[in-house]
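Morning, everyone. Please look at the screen while I talk you through one protein chain.

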Amino acid sequence: MLVVISPAKKLNENCDKKTVSNFTIPPFLEDSKKIVNSLRKYSSDKLSKLMNISEKISLLNYERYIKWSLPFNKKNAHPALLLFQGDVYKSISAEDFKEEDFLFAQNSLRILSGLYGILKPLDLIQPYRLEMGTQIKIGKHNDLYDFWGDEITQAINKEKNS
């Protein structure tokens with residue numbers, strides 16, 4: 001069984017990465033790169049309007065998208081389950097996990113993401129804020145739902161059936 005949860009707006013960029021040894025890489029990074037390239041075309045002010053966020057948060061995310069770069073590694077990225085800090089993640093208490101807890105989560109938990117598509121808990125990601133409902137044009141696509149299409153559903157179904 002796979003449990004799918006949403007990402008969180010609140011992030012902990014000082015999370016303890018030493019608690020985990022088996023990092024993984026998100027499967028759709030080339031798609032993420034296309035999204036980031038589209039977001040880089042927006043000024044901080046335009047990001048604020050696009051995402052309906054404050055000036056302070058838009059500036060932070062503008063800077064995050066400018067710094068976003070591949071390849072991901074332990075120095076420039078964080079495991080998704082440790083980076084996200086919303087209510088669901090606080091309840092999961094991943095900072096208290098032992099190695100076997102991370103492995104269990106890696107096999108049974110997925111995180112839906114506007115930027116990364118679908119994530120495993122130990123996938124390395126760089127900090128971001130981007131809700132799936134954001135009306136950003138990416139190539140011929142008018143929003144993230146259109147951009148991702150059924151790719152995320154297919155990935156989940158493939159895992160669920162394997």
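First, the ground rules. This is a predicted model, where local features need pLDDT of at least 70, side-chain atom pairs count only at pLDDT 80 or more, and totals for chains, interfaces and linings use all residues. Residues are numbered from 1 along each chain as its sequence is written, and side-chain values use heavy atoms, with hydrogens and water left out.

Now the overall picture. How many helices and strands does the protein chain have? It has eight helices and five strands. Both are DSSP runs, numbered from the N terminus: helices are H or I with at least four residues, strands are E with at least two. Along the sequence, the pattern reads β-α-α-α-β-α-α-α-β-β-β-α-α.

Next, the dimensions. Along the principal axes, the C-alpha atoms fill a box of roughly 45 × 35 × 30 Å. The radius of gyration of the protein chain is 15 Å. A compact globule of 162 residues would have a value near 15 Å, so the two agree. That radius is taken over C-alpha atoms, and the globule rule is 2.2 Å times the number of residues to the power 0.38.

What share of the residues is buried? The figure is 48% of the 162 residues. Buried means under 20% relative accessible area, exposed means over 50%, and partly exposed is in between, with a 1.4 Å probe and protein chains only.

Then contacts, meaning heavy atoms within 4.5 Å. Take those between residues at least 6 apart in sequence: 72% of them join residues at least 24 apart.

On to the helices. Find α1, residues 29-39. Its buried residues are Leu29, Asp31, Ser32, Ile35, Val36, Ser38 and Leu39. A reminder on helix geometry: an α-helix has 3.6 residues a turn, so residues three or four places apart point the same way. What do the buried residues of α1 pack against? They pack against α2, α3, α7 (144-148) and α8 (151-160).

Two of those partners also pack against each other. Helix α2 covers residues 44-51 and helix α3 covers residues 55-67. Their axes are 8 Å apart, at an angle of about 115°. Axes here are lines fitted to C-alpha atoms, for helices over the stretch in contact, and angles run from 0 to 180 degrees between N-to-C directions. So α2 and α3 are roughly perpendicular to each other. For that word the range is 65 to 115 degrees; under 35 is roughly parallel, over 145 roughly antiparallel, and the rest oblique.

Who makes this contact? From α2 come Ser44, Leu47, Ser48 and Met51. From α3 come Glu55, Ser58, Leu59, Asn61, Tyr62 and Tyr65. By class, that contact has five nonpolar, four polar and one charged residues. Nonpolar covers Ala, Val, Leu, Ile, Met, Phe, Trp, Tyr, Cys and Pro; charged covers Asp, Glu, Lys and Arg; the others, Gly among them, are polar.

Now move to α6, residues 99-108. Phe102, Ala105, Gln106 and Ser108 are buried there. The buried residues of α6 pack against β1 (3-5), α4 (80-83) and β3 (109-113).

Next, the backbone. Most residues other than glycine have a negative phi, and most peptide bonds are trans. Asparagine 52 sits in the loop between α2 and α3 and is exposed, at 71% relative accessible area. Serine 93 also is not a glycine and has a positive phi of about 55°. Serine 93 lies in the loop between α5 (87-92) and α6, and at 22% it is partly exposed. Then there is the peptide bond from leucine 70 to proline 71: it is cis, with omega near 0°. Proline 71 is in the loop between α3 and β2 (78-79).

Last, some distances. Methionine 1 is in the segment before β1 and is exposed, at 86%. How far is methionine 1 from asparagine 107? They are 106 residues apart along the chain, and their C-alpha atoms are separated by 8.8 Å. Serine 43 is in the loop between α1 and α2 and is partly exposed, at 33%. Serine 43 and serine 58 are 15 residues apart in sequence, and 8.9 Å apart from C-alpha to C-alpha.
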